[in-house]
Amino acid sequence: MSSTVILNARQLVTLSGPQGPRVGPEMRDLSIIEDGAVLIKDGLIECTGTRQELEPLLTEGVEIFDVGGRVVLPGFVDAHTHPVFAGNRADEFELRAQGATYQEIAAQGGGIRSTVRHTRAASLEDLLIAGRKYADWFIRGGTTTVEAKSGYGLTLDDEIKILRAIKQLDRETSLSYVPTFLGAHDIPDEYRDRREEYVQLVIQEMIPFVARENLAEFCDVFCEERVFTLEESRRILKAAHECGLGIRMHADQLSLSGGAKLAAELCASTADHLEHTDAEGIAALLQASVQPVLLPGSVYALGLTNYPHAREMIDAGLPVVLATDFNPGSSPTTSMQMVLSLASTHLKMTPAESITAATINAAYSLNRGSSIGSIEAGKHADLVVYDCEDYRELSYFFGIAHTHTVFASGRKVFARG
Ligand code: NIG
Ligand code: FE
C-alpha cells in the first residue's frame with residue numbers, strides 16, 4: 001500500500017460541496033483550504049485538511065511531497081475534445097488569416113473533410129503517435145481527463161480505428177479518456193449526393209456496432225446548416241439512445257439552428273457550443289437539465305466575436321461547463337488555462353465560476369461526478385500544483401505555463417524542469 005501526503009499548499013482548492021453539478025452562487029464557492037494538505041493512498045484521496053489536521057497521519061512510510069506554498073487544484077476535466085486525427089490544418093489557418101471563413105473553406109472541401117482524408121490514410125499506429133503527443137500537451141496543461149470524440153473517419157472501419165486509438169491512449173498514457181462516437185460529424189465526400197444513405201449507415205450500422213463493442217459511452221452529432229439537419233440529428237441521436245449511448249450535441253455553433261431545443265427534447269447530457277442560442281433555447285436547456293458546454297477557444301481561434309451567453313446561462317441556474325474543443329480546425333489548443341482566460345475576458349465568468357465549470361461540473365457532464373473533478377475523500381488523486389499564490393492567477397496571467405507538478409491517480413506524471 002503506497003501513501004503520499006501533499007503538504008504546504010497555500011490554497012488547496014478542493015471544490016468539495018454538494019453532490020451534483022454546481023449552479024448559481026455555488027459556482028463561486030471553491031471550498032479552499034489554506035495551508036492545505038492531502039493524504040493519498042493507492043491512488044485515491046484518503047482525506048484533506050490543514051497541515052495541522054493531517055500531521056498526526058504522517059507515520060513512517062508515508063512519502064511527503066512539499067508543494068512549497070503553491071496552489072493545488074483538481075486536474076481539469078476537458079469535456080469536449082477531438083484529439084485523434086492525422087495531419088493538421090495550418091494551411092487553412094493561414095487562409096483564414098487572409099480573410100477566408102471557416103464555412104467557405106468547408107464548402108470547398110476543406111475543413112473537417114480535409115482532416116478526414118488524412119485520417120483515413122493514417123494507420124492506427126500513426127494516430128497513436130500523434131495522439132500521444134497531444135496527450136502530453138493536455139497533461140502539461142493540468143488536464144487529467146478528456147472526453148474524446150471520433151468523427152474524422154466517417155466509414156465504419158475508420159471510425160472504429162479512431163475509437164480503438166482512444167481506448168489504447170487511455171490505457172497507455174497518463175491521461176484518462178471518455179470516448180464519444182461522432183460518426184455524424186460531416187457528410188463524407190463520397191456521400192455528398194446521397195446524404196440519406198450516410199444517415200442510414202450511421203443509424204443502422206455504425207451506432208449498433210459501436211454500442212455492441214462498447215467503443216463509446218456517448219454519441220454526438222454536428223447539427224448545423226449544411227451539415228446535419230435538425231431532423232437528421234434527431235433520428236441519429238434517438239437511435240444512439242435506444243442502443244444505450246448517452247447524448248451530447250454540437251448545437252447552435254455557427255447559426256441558430258434549434259440545436260439547443262433539440263438537446264432539451266432528447267434530454268441530452270450536454271449541448272455544446274451554443275454561440276447562437278437565444279433565451280428560449282436557454283430556458284429549454286434548464287427545463288430538461290441539459291448541461292451547456294461552452295467552448296470559447298473555437299470562437300477565439302476562428303477570429304469571431306459571438307461568444308456564448310454564459311452569464312445568462314449561469315444566472316438562469318444552468319450548471320455550465322467549459323472545455324477546449326481541441327481539434328485541428330476551429331480550436332487548435334489543449335489549454336484549459338487559455339479557456340479560463342477567455343471565460344473571464346469574454347464570457348464574463350469569474351475565475352471561481354470558470355474553475356468550477358472546468359472541473360466538477362465537467363465531471364458530472366461525463367457521469368463521473370463521484371470519482372473525479374474535486375479533491376475529496378474517495379476520489380481519484382488527480383491533482384495539479386500551479387506556480388501561483390492565488391488561484392485567480394490561472395485565469396489572469398494568460399499564455400503562461402503555470403503548471404508545476406501533475407498527479408494522475410496519485411502518480412507524478414509531470415514535473416517542471
Ligand atoms: O467543434 N463543429 C464541429 N466540430 C469541431 C470542428 C472540427 C474541425 O474543424 O475539424 C468543432 O468546432
Ligand atoms: Fe467540437
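I looked up Glu46 first: at 40% relative accessibility it counts as partly exposed. For my own use, buried is under 20% relative accessible area, exposed is over 50%, and partly exposed is in between (1.4 Å probe, protein chains only). This is a predicted model, where local features need pLDDT of at least 70 and side-chain atom pairs count only at pLDDT 80 or more, while totals for chains, interfaces and linings use all residues. Residues are numbered from 1 along each chain as its sequence is written, chains are lettered from A and ligands numbered from 1 in the order in which they are written, and side-chain values use heavy atoms, with hydrogens and water left out.

Glu46 forms a salt bridge with Lys41, and the closest N and O atoms are 4.0 Å apart. The term stands for a side-chain nitrogen of Lys or Arg within 4 Å of a carboxyl oxygen of Asp or Glu. Lys41 is partly exposed too, at 26% relative accessibility.

**Other salt bridges**

How many salt bridges does a search of the whole structure find? I get 29. One I checked joins Glu125 and Arg132, at 3.6 Å from N to O. Glu125 is partly exposed at 41%, and Arg132 is partly exposed at 30%.

Next I took Lys161 and Asp158, whose closest N and O atoms are 3.1 Å apart in their salt bridge. Both lie in helix H6 (residues 156-172), three residues apart, about one turn of the helix. I take helices (H or I, at least four residues) and strands (E, at least two) as DSSP runs, numbered from the N terminus.

**Iron site**

Which residues coordinate the iron ion (ligand 2)? I found His80 (NE2), His82 (NE2), His250 (NE2) and Asp325 (OD), at 2.1 to 2.3 Å. Donors are N, O and S atoms within 2.8 Å of the metal (3.2 Å for Na, K and Ca), and water is not among the atoms, so sites may look incomplete. The donor spacing in sequence reads H-x1-H-x167-H-x74-D.

His82 sits in the loop between strand E6 (76-81) and helix H2 (90-97), and Asp325 in the loop between strand E14 (321-322) and helix H13 (336-345), so the pair ties together parts that are 243 residues apart in sequence. His82 is buried at 2% relative accessible area, and Asp325 is buried at 1%. I also checked His82 against Ile166: they are 84 residues apart in sequence and 10 Å apart in space, C-alpha to C-alpha.

Thr81 lies in strand E6 and is buried at 0% relative accessibility. Its side chain reaches the backbone oxygen of Glu147 at 2.7 Å.

**Cysteines**

I looked for disulfides (a pair of cysteine sulfur atoms within 2.5 Å) and found zero. Cys223 is in no disulfide either, since the nearest cysteine sulfur, that of Cys219, is 13 Å away. Cys219 is buried at 0%, and Cys223 is buried at 1%.

Terms used: A polar contact is a pair of N or O atoms within 3.5 Å; within protein, one must be able to donate a hydrogen and the other to accept it, and residues adjacent in sequence count only if both atoms are side-chain atoms.
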